Every structure is written in C-alpha cells, then in structure tokens.
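Here are my notes on this model, written for a first reading. Please keep the structure open beside them and check each point as you go.

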Amino acid sequence: MATPLIPPFTRETAIAKVRMAEDGWNSRDPERVSKVYTEDSQWRNRAEFPRGRKEIVEFLTRKWAREIDYRLIKELWAFDGNRIAVRFAYEWHDDSGHWFRSYGNENWEFDADGLMQRRFASINDMPIREEDRKFHWPLGRRPDDHPGLTDLGL
C-alpha cells in the first residue's frame with residue numbers, strides 16, 4: 001500500500017491498520033506487538049491498565065501464556081480522524097483444555113506518526129465446545145481467504 005497508515009484515516013487505511021493489528025496480535029509476539037504503541041501508551045484491558053511498552057509486553061506475555069492456541073479476527077467498526085473503533089473475536093483454550101471465544105470492542109487513538117497512544121478494550125468470554133470452534137487456520141496470520149467476523153455470523 002502506497003498510502004501511509006497515519007491519521008487522518010481513510011476507509012482504506014483504517015481497514016489496513018485493523019488488519020495490521022490483527023496480524024501482529026496473531027503473531028503472539030509481545031515485543032513485536034508493543035512496537036506499534038507509543039512509549040507512554042495508555043490501555044484499559046478488562047480490569048488491567050497497562051501504561052507504556054514495558055507494561056504492555058508484560059501484560060501480553062501473561063495473556064498468551066494462559067490463552068493457549070490464540071487466534072484472533074478484528075473488523076473495522078468506525079473511524080474518524082485519528083481514531084478507529086473495532087470489534088473482534090478470538091478463540092483460545094486454557095491449560096485444562098477448556099475452549100473459549102472472547103468477544104470485544106476496542107477504541108484506538110493514534111499519534112501523528114501512526115502509533116497507538118490509547119487503547120480501550122471491553123471483552124467478554126464465552127465457553128465453547130471444541131467442536132464449535134470457527135477459527136481453524138494454523139497458528140499465526142489469518143489466511144486472506146479465511147472468513148471474517150461478519151462472514152462467520154459473529
């Protein structure tokens with residue numbers, strides 16, 4: 001894409017920014033993911049409030065240690081200026097083999113360089129049976145031909 005992924009966002013750049021975030025989170029690499037946030041980024045994630053890249057890395061390391069076989073799909077909900085709203089779902093299991101689908105919404109705010117300076121997430125977990133899973137690609141990036149949330153009826 002020739003257009004930089006910096007504000008103000010167009011529909012095209014907002015969709016690309018959402019997919020880039022999805023790809024990063026599906027890597028399950030806390031250091032890689034932290035690089036798209038400002039040094040002093042502020043988060044709200046459930047009942048945790050990480051601040052800055054160091055705390056983001058610590059948070060994500062804990063998250064992916066307990067959310068095993070994590071697979072995520074994000075979808076653009078709205079955008080305006082330097083803000084993007086997304087909805088998402090991800091599937092994972094705990095160390096006892098119990099599967100979950102977590103649903104949520106995020107509000108993102110970016111600085112002029114396109115780094116996320118604020119992230120506010122609201123998330124709910126729903127236990128699912130393993131046979132009810134919908135995200136079956138190999139760990140890592142979701143293939144381009146895999147259905148998104150709307151296509152899956154989520």
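1. Start with glutamate 31. Its relative accessibility is 45%, so glutamate 31 counts as partly exposed (buried is under 20% relative accessible area, exposed over 50%, partly exposed in between, with a 1.4 Å probe and protein chains only). Lysine 35 is also partly exposed, at 47%. The two side chains meet in a salt bridge, 3.7 Å from N to O. A salt bridge here is a side-chain nitrogen of Lys or Arg within 4 Å of a carboxyl oxygen of Asp or Glu.

2. A word on the source. This is a predicted model, in which local features need pLDDT of at least 70 and side-chain atom pairs count only at pLDDT 80 or more, while totals for chains, interfaces and linings use all residues. Residues are numbered from 1 along each chain as its sequence is written, and side-chain values use heavy atoms, with hydrogens and water left out.

3. Now the other charged pairs. The whole structure has 21 salt bridges. Arginine 19 pairs with aspartate 23, with the closest N and O atoms 2.8 Å apart. Both arginine 19 and aspartate 23 are buried. They sit four residues apart in helix 1 (residues 11-27), which means about one helical turn separates them. Helices (H or I, at least four residues) and strands (E, at least two) are DSSP runs, numbered from the N terminus.

4. Look next at arginine 142 and glutamate 22. Their salt bridge is 2.7 Å from N to O. Arginine 142 lies in the segment after strand 5 (116-128) and glutamate 22 in helix 1, so the pair ties together parts 120 residues apart in sequence. Arginine 142 and glutamate 22 are both buried.

5. Two strands pair if DSSP finds at least two bridges between them.

6. Follow the antiparallel neighbours. Ten bridges pair strand 2 with strand 3 (residues 83-93) in the antiparallel sense. There, arginine 71 has glutamate 91 in strand 3 as its bridge partner. Strand 3 and strand 4 also run antiparallel, joined by eleven bridges. Glutamate 91 has arginine 101 as its bridge partner in strand 4. Strand 4 and strand 5 pair antiparallel over twelve bridges.

7. Check the two hairpins. The one of strand 3 and strand 4 has five residues between the strands, and glycine 97 takes a positive phi near 85°. The hairpin of strand 4 and strand 5 has five residues between its strands, and there glycine 114 takes a positive phi near 85°.

8. How enclosed is strand 4? Nine of its twelve residues are buried, so strand 4 is largely enclosed by the rest of the structure.

9. Finish with helix 3. Its 15 residues reach 22 Å from first C-alpha to last, close to the 21 Å expected at 1.5 Å a residue (the expected span is 1.5 Å times one less than the number of residues). Its buried residues include Ile56, Phe59, Leu60 and Trp64. Down the axis, the buried residues fall within an arc of 170°, so they line one face of helix 3. The arc is that of the directions from the helix axis to the C-beta atoms. Lys54 and Ala65, on the other side of helix 3, are exposed.
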